[in-house]
Amino acid sequence: QGELAMAKTMEKATTLDGRTIDIYANLASQEEAEQAIALGAEGVGLVRSEFIFMGSDQPPSEQSQFETYCQIAETFGDKPVIIRTLDIGGDKPLTYMQQGEEENPYLGCRGLRLCLQNVDVFRLQLNALLRARAKCSNLQVMFPMVATMEELNQAKYLLNSCYEALQHSGIPAVMPKIGIMIEVPAAVANARQLAEEVSFFSIGTNDLTQYVMAADRGNDRVSYLVSAAQPAVLRMIEQTAQAAREAGISVGICGEMAGDPKLTKALIGMGVSELSMSPNRIAAVKQAVRATESKQATEQVQEVLRASTLKQVMALL
Ligand code: PEP
Ligand code: MG
């Protein structure tokens, strides 16, 4: 029976009416890669590349980053591996990039904002990613904390200029598929425009929830607000999924909610096609996908999206 369950874990997750949902892992270290595969991951929806940068007082070299990205991508063979560019700031400080303390670090210079202000460090990472993509065709790149079109344009411009410089020097480099995280409410409002410029969206519901609800997820006194099943958050996810659908790009979830089997049906109903989670959640979520009828989920989620309270949402789920 153990073997049977194991075989099921390794199989793709398809709904009762034949829609396949990609089930990916979130990784925050290289060591987790093998284990994620053993637990049924069909790719990586989020490599939190911060782990390469933390624990030292200087940035990792382009070469060591190149090697790490290749190693992770190669572990997954031809399965997609999405590497998120450095998302420092907020709860993850880094001495050599940040100057001084911020009063509101979550609302400060973090993620892509910080990288765009430290172009030298950012270029090392972009070069390493472009070179790794030349070696591993399954590697994709995702920018965190995008709020505006200007930020996305700047990031893409920089990636492009790195690509051209590498080519000019005769170093193998290939442009990866590019996506962005949707985790700032402004990005939801700008989703239609942003969707025209990228190949995929990945919704970061951890940060999106905290920013939509204006509630710090580490603060117990407001924890009743910090749920991705809040009607306001669900409507934001729906809006993002709709923008992606209209633009013909894919949309996934890489926040914690992706690993909650209670929410799987609602997410499928909203048109999400990829769920990326902690590897230990994969078996349960695959099971939830297999118990779902996609057509029915699409109808039922309309009722969920009309709910006025978190309690009502939870009762419907
Ligand atoms: C998120 O914000 O949902 C997310 C996946 O990113 P992180 O938790 O690393 O901020
Ligand atoms: Mg985030």
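The shell around ligand 1 draws at least two residues each from β3 (44-48) and α10 (205-212). Helices (H or I, at least four residues) and strands (E, at least two) are DSSP runs, numbered from the N terminus. The model is predicted: local features need pLDDT of at least 70, side-chain atom pairs count only at pLDDT 80 or more, and totals for chains, interfaces and linings use all residues. Residues are numbered from 1 along each chain as its sequence is written, while chains are lettered from A and ligands numbered from 1 in the order in which they are written.

The residues around ligand 1 are Leu 46, Arg 48, Asp 87, Glu 183, Gly 204, Thr 205, Asn 206, Asp 207, Cys 254 and Gly 255. A residue is near a molecule if its C-beta atom, placed from the backbone, lies within 6 Å of it. Helix α10 gives the largest share of this shell, three residues. By class, the shell has two nonpolar, four polar and four charged residues. Here Ala, Val, Leu, Ile, Met, Phe, Trp, Tyr, Cys and Pro count as nonpolar, Asp, Glu, Lys and Arg as charged, and the others, Gly among them, as polar.

Helix α10 also packs on α11 (231-247). Their axes are 10 Å apart, at an angle of about 125°. The pair is therefore oblique. Axes are lines fitted to C-alpha atoms, for helices over the stretch in contact, and angles run from 0 to 180 degrees between N-to-C directions. Angles under 35 degrees count as roughly parallel, over 145 as roughly antiparallel, 65 to 115 as roughly perpendicular and the rest as oblique. The crossing of α10 and α11 is right-handed. A crossing is right-handed if the near helix is turned clockwise from the far one by less than a right angle, and left-handed if anticlockwise. Thr 205, Leu 208, Thr 209 and Val 212 of α10 meet Ala 232, Val 233 and Met 236 of α11. Contact requires C-beta atoms, placed from the backbone, within 7 Å of each other.

Two residues of the loop between α10 and α11 were examined. Ala 214 lies in this loop. Its phi is positive, about 50°, although Ala 214 is not a glycine. Ala 214 counts as exposed, with 9 C-beta neighbours inside 10 Å. Ala 229 lies in the loop between α10 and α11 as well. With 21 C-beta neighbours inside 10 Å, Ala 229 counts as buried. A residue is buried if 20 or more other C-beta atoms lie within 10 Å of its own, exposed if 12 or fewer, and partly exposed in between. Leaving aside neighbours within four places in sequence, Ala 229 contacts Leu 234, Leu 263, Leu 310, Val 313 and Met 314. Ala 266 is 37 residues from Ala 229 along the chain, and their C-alpha atoms are separated by 9.7 Å.

Helix α6 (residues 119-135) meets α4 (residues 62-75). The two axes come within 8 Å and cross at roughly 40°. The helices are therefore oblique to each other. Their crossing is right-handed. From α4, the contact uses Glu 62, Gln 65, Phe 66, Tyr 69, Cys 70 and Ala 73. From α6, the contributors include Leu 124, Ala 128, Arg 131 and Lys 135. The contact has eight nonpolar, three polar and three charged residues.

Helix α6 also meets α7 (residues 149-168), with axes within 9 Å and a crossing of roughly 60°. This crossing, too, is right-handed. Among the α6 residues involved are Val 119, Phe 122, Leu 126 and Leu 130. Helix α7 contributes Leu 158, Leu 159, Cys 162, Tyr 163 and Leu 166. Nine nonpolar, one polar and two charged residues form the contact of α6 with α7.

Arg 133 lies in α6. Arg 133 is buried, with 24 other C-beta atoms within 10 Å. Beyond four places in sequence, Arg 133 touches Leu 139, Val 174 and Pro 176. Val 174 is 41 residues from Arg 133 in sequence, but 5.7 Å away in space, C-alpha to C-alpha.

Met 145 lies in the loop between β5 (139-143) and α7. Its phi is near 60°, a positive value in a residue other than glycine. Met 145 counts as buried, with 25 C-beta neighbours inside 10 Å.

How values were computed. Two residues are in contact if their C-beta atoms, placed from the backbone, lie within 7 Å.
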